[in-house]
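I record what I looked up, entry by entry.

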Amino acid sequence: MKIGICDDMPILQDVIESYIRAYEKQKGLSFQIDKFSSGEELINEYENGSSYDLLFLDQKMKELTGLETARQIRKHHSPASCGIVFVTSSDNHYQFKAVQPLKVIAKPVSMETISEVLNAITNRETTPINA
């Protein structure tokens, strides 16, 4: 499984990655993880032919927001082909509905919420686990 983490704060990228790596170890799995500092970097990666099974998107970034990034990704990739998880401090989760996220996680993230998302993806659950 290929996972992308997009956040303009490297420490938050590292926290999410560490939870994913802990999950890997616990479950005996292996994921490919790429990290991006902006929505533009992630979109560029898609334009160069990459794709992801799961994306963790920070909502508030310098140029493209997580929502704007997700809108561009959704033009070519359905919720079934790419699960999107928003990581946000915003209380307005309704704004994300249009891009059909798998989940919206409130900051600070926890191992429990990351595990919940990864369980849903690795178990191939088809029902959303919206917050």
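For helix pairs I take axes as lines fitted to C-alpha atoms, for helices over the stretch in contact, and angles run from 0 to 180 degrees between N-to-C directions. Helices (H or I, at least four residues) and strands (E, at least two) are DSSP runs, numbered from the N terminus. The model is predicted, so I note that local features need pLDDT of at least 70, that side-chain atom pairs count only at pLDDT 80 or more, and that totals for chains, interfaces and linings use all residues. Residues are numbered from 1 along each chain as its sequence is written, and side-chain values use heavy atoms, with hydrogens and water left out.

**Entry 1: α2 and α3**

I looked up the packing of α2 with α3 and found an angle of about 10°, with the axes 9 Å apart. That makes α2 roughly parallel to α3; angles under 35 degrees count as roughly parallel, over 145 as roughly antiparallel, 65 to 115 as roughly perpendicular and the rest as oblique. I then listed the contacts, where contact means heavy atoms within 4.5 Å. From α2, Gly39, Leu42, Ile43 and Tyr46 meet Thr69, Gln72 and Ile73 of α3. I recorded the classes of this contact of α2 with α3 as 4 nonpolar, 3 polar and no charged residues. Here Ala, Val, Leu, Ile, Met, Phe, Trp, Tyr, Cys and Pro count as nonpolar, Asp, Glu, Lys and Arg as charged, and the others, Gly among them, as polar.

**Entry 2: the buried side of α3**

Which residues of α3 are buried? In this helix, residues 66-74, I found Gly66, Leu67, Thr69, Ala70, Ile73 and Arg74 to be buried. They cover an arc of only 160° around the axis, which puts them on the same side of α3; the arc is that of the directions from the helix axis to the C-beta atoms. I use buried for under 20% relative accessible area, exposed for over 50%, and partly exposed for values in between (1.4 Å probe, protein chains only). The packing partners of these buried α3 residues are α2 (39-47), β3 (54-58) and β4 (83-88).

I followed β3 to Asp58, which lies in that strand. Asp58 is buried, with a relative accessible area of 3%. Leaving aside neighbours within four places in sequence, I found Asp58 in contact with Cys6, Asp7, Asp8, Thr65, Gly66, Val87 and Lys107.

**Entry 3: α1 and α4**

I next looked up helix α1 (residues 10-27) and helix α4 (residues 111-122), which pack at an angle of about 55° with their axes 10 Å apart. That makes α1 oblique to α4. On the α1 side I listed Ile16, Tyr19, Ile20, Ala22, Tyr23 and Lys27, which meet Met111, Ile114, Ser115, Leu118, Asn119 and Thr122 in α4. This contact of α1 with α4 has 8 nonpolar, 3 polar and 1 charged residues.

**Entry 4: single residues in these helices**

Met111 is in α4 and counts as partly exposed at 25% relative accessibility. Not counting residues up to four places away in sequence, Met111 touches Tyr19, Ala22 and Tyr23. I also noted that the C-alpha atoms of Met111 and Ile20 are separated by 8.2 Å, though these residues are 91 apart along the chain.

Ile121 is in α4 and is buried, with a relative accessible area of 15%. Not counting residues up to four places away in sequence, Ile121 touches Met1, Leu54 and Leu102.

Leaving aside neighbours within four places in sequence, I found Gln13 in contact with Ile5, Asp7, Lys35, Phe36 and Ser37.

**Entry 5: backbone exceptions**

Most residues other than glycine have a negative phi, and most peptide bonds are trans. I found that the peptide bond from Lys107 to Pro108 is cis, with omega near 0°. Pro108 is in the loop between β5 (103-106) and α4. Gln100 has a positive phi of about 50° although it is not a glycine. Gln100 is in the loop between β4 and β5 and is partly exposed, with a relative accessible area of 48%.
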